[in-house]
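Hello,

Here is the structure I promised to pass on to you. Please have it open while you read the notes below.

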Amino acid sequence: MASTTLTRTVSSAGNTKTFTYSAWIKRGSVSSGQGIFGQGDQSSNNFNIRLESDGKIRIEPSGFDIKTNAQYRDCSAWYHIVLAVDTTQGTAANRVKLYINGTKVTSFATESYPSQNDNYAFNDDVIHYIGSNLDGASSFFDGNMAHFNSIDGTAYPASTFGETDSLTGIWVPKTS
């Protein structure tokens, strides 16, 4: 069972309204909830991306909550997760876009969106945790991560980071 996390504290705040998170993950086990990425000060300004114990992916910062209907429980598969947030968008559903393996997720068990122009701890000058929840001391990710990207100021689609291999039809990372 994993019990460590990578941390980084941003030296000065970036764009807290528009950002992208991208990572390839491979579960090591199907255990209780596992934090993938978290940051914040454990008050009202926080952000978590996690695998729930039921295998669903949940994004739960202060102010909105997104949880997939699909379950991601295959310990032999790599999953590419892209979360693109732009709270400046006028339409609520356009403010948060979640992609899994290149496909935009449109079916959610929980679906509430941020208010227009909301700010989040993503890119704020608080500690960021890779591989755990926002407290850095619980719900550690048990598995592998690769091609982790945190983008400040742009909400990119999944095609920025991955593509479908023309021979196999499998979603793979872009290497350039």
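In which strand does methionine 145 lie? The answer is strand E12, which covers residues 143–152. Please keep in mind that this is a predicted model.

Methionine 145 has a relative accessible area of 28%, and because buried would require under 20%, this residue counts as partly exposed. Ile130 sits 15 residues away along the chain, with 9.3 Å between the two C-alpha atoms.

The largest nonpolar core holds 27 residues, and Tyr21, Ile36, Phe47 and Ile59 have the most contacts inside it. Among the elements that give two or more residues to this core are strands E2 (18–27), E7 (79–86) and E8 (96–100). A second, separate core of 6 residues includes Trp24, Ala158, Phe161 and Trp171.

Strand E7 is worth a look on your screen. Of its 8 residues, 8 are buried. In a regular strand, side chains alternate between the two faces of the sheet. On one side of E7 are Tyr79, Ile81, Leu83 and Val85, on the other His80, Val82, Ala84 and Asp86, and both faces are covered.

E7 also has two pairings to show you. With E2 it pairs in the antiparallel sense over 8 bridges, and alanine 23 stands opposite isoleucine 81 of E7. E7 and E8 are antiparallel too, over 5 bridges; here valine 82 has tyrosine 99 in E8 as its bridge partner.

Best wishes

Terms used: Residues numbered from 1 in each chain as written. Predicted model: local features only at pLDDT ≥ 70, side-chain atom pairs only at ≥ 80, totals over all residues. Heavy atoms only, no water. Core = buried A, V, L, I, M, F, W, Y, C linked by side-chain atoms within 4.5 Å. Buried < 20%, exposed > 50% of the residue type's maximum accessible area, 1.4 Å probe, protein only. Helix = DSSP H or I, 4+ residues; strand = E, 2+ residues; numbered from the N terminus. Pairing = 2+ DSSP bridges.
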